[in-house]
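This report covers backbone geometry and charged side-chain pairs. Please view the model alongside the text.

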Amino acid sequence: QRQQPEIYPIGFTRADGTRGVNTTALKHILVKLDFQATPQHKISFSEHYGVKDRPWRNGSSYIYMGAGTLWHQESGKHIPQVHWNSLWGDRAFSDISFGMMLMDFPLAPDGDNQGLTSLYEYRTYDGAGPIPNWRRGYHQSFYRYNSYLRDRYQINGTFSYYQDNWGGDHDFKTGVNWYTFKSDTTEYSFGAIRQGYRYGDPYNIRTENHPQNTLYDMDSLGIYFQDTWTLNDRITLNLGLRGDGYTTYLPAQGNPDSPWCPVIGDRYPAYCGSDYAAVDDIAGFFNVAPRAGLIYDLRGDGQTAIKVNYSRYYTQIGNWIANFTNPNGYIYQYWYWDDDNGNNAWDPGEQASDPYATYTATANAVDPGLTNPYTDEFVFGVDHDVIDNLDKEINYTYRKDKNQTEDNLYTTPWDAYRTR
């Protein structure tokens, strides 16, 4: 019962004992069009299409798997973008863009049943190759389809303006970026069941509240202003402010009844479909952070510069916190299975009367006192030109993370945790 991946290549074993390789193919297409409307205005369009094709996902060097029991991943993404670049006289420049990413990450059975009708092979296989999984111990057989839709829509805009003789020279820059990110996950398993085998013999079944569809989204907004201020030939200041905000939320969503609803739904209502109202502003912040830097030419000859910089960066927690609190959760249970008719496939009524293990989505909540994590960073450095095209630079960076977040079991008091 040893794993020997050094002997057998990563892949899977067919029923006849031959090996198959878990291959990956990446395909990309990029199209770009530029239109020079006037000497000062240019419009560009681009479309990037990519697909990742894994026809035998989950192929393993140490688990006996037939081709029909593997997943086929063919995940594609579209990234169209439109840019508008403009010159406004000899001092100003703007860049506005709109883009989106439309991504689908499906996992579909490579065969018609993902193992449900080929289970006999797992009991009779004795060909050459790695140790079959049923001899190693536990094996599950099921038909399952997953789809992960991840869509992002984004707008960016920047405006730059140069001004001299205002107590020195100024290079002003301001901008805004906004995006919305939407997650749509669907899980489906045939009959909402998995069959478990131990050493080739029927052992248990796992019941699930499939089909299930969960939604969770996030909006984000960032704005900034910065000024590169050259006071004279020896002193340059970099000054700026950046505001970042985001909010996470749950759209209205719901699921139909699982096939197990009429069977055990009276005892376990989670198997029956439910509708959930939208929940707005689960967690959201807007913070303004400073940026400041100084560059000082030590001798005034452009050879040695001292650099000092301070920045604060606020961390974007992400949309996972919305899904973390989503009441539209899962339930699955394990039941011992007695294969009464000996056909090596589960039939209704062959499971025990009660489950021996139950797993459900927990009732998670966000601390109302939650604050946004951030990082303070200080940098001090010296830059020296030794000779032409040879530069020596020494930097010291101090960085500290603050207001870190963590999830914990709130029914357990803090003093129950041990730290070192």
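## Salt bridges

A salt bridge here is a side-chain nitrogen of Lys or Arg within 4 Å of a carboxyl oxygen of Asp or Glu. The model is predicted: local features need pLDDT of at least 70, side-chain atom pairs count only at pLDDT 80 or more, and totals for chains, interfaces and linings use all residues. Residues are numbered from 1 along each chain as its sequence is written, and side-chain values use heavy atoms, with hydrogens and water left out.

The count of salt bridges comes to 10. Side chains of opposite charge can pair when their charged atoms come close.

## The Arg194, Arg206 and Glu208 network

Salt bridges link Arg194, Arg206 and Glu208 in a network. Arg206 meets Glu208 at 3.0 Å, N to O. Arg194 also pairs with Glu208, and their closest N and O atoms are 3.3 Å apart. This second pair links distant parts of the chain: Arg194 lies in strand S10 (residues 193–198), Glu208 in strand S11, 14 residues apart. Strands are DSSP runs (E, at least two residues), numbered from the N terminus.

Are these residues buried or exposed? Both Arg194 and Glu208 are buried. The term means under 20% relative accessible area; exposed means over 50%, and partly exposed lies in between (1.4 Å probe, protein chains only). Glu208 has 1% relative accessibility. Arg206 is buried too, at 12%.

## The Asp217 and Lys182 pair

Asp217 forms a salt bridge with Lys182; the closest N and O atoms are 3.6 Å apart. Distant parts of the chain are linked here: Asp217 sits in strand S12 and Lys182 in strand S9, 35 residues apart.

The two partners carry separate labels. Asp217 counts as buried because its relative accessible area is 6%. Lys182 counts as partly exposed because its relative accessibility is 33%.

## Backbone geometry

Most residues other than glycine have a negative phi, and most peptide bonds are trans. Asn165 has a positive phi of about 65° although it is not a glycine. Its place is in the loop between strand S8 (144–163) and strand S9 (169–189). Asn165 is exposed, at 67% relative accessibility.

Asn403 also has a positive phi, near 55°. This residue is found in the segment after strand S21 (390–402). Asn403 is partly exposed, at 36% relative accessibility.

Which residues does a cis peptide bond join? The bond joins His210 and Pro211, with omega about 0°. Pro211 lies in the loop between strand S11 (201–208) and strand S12 (212–230).

Methods. Helix = DSSP H or I, 4+ residues; strand = E, 2+ residues; numbered from the N terminus.
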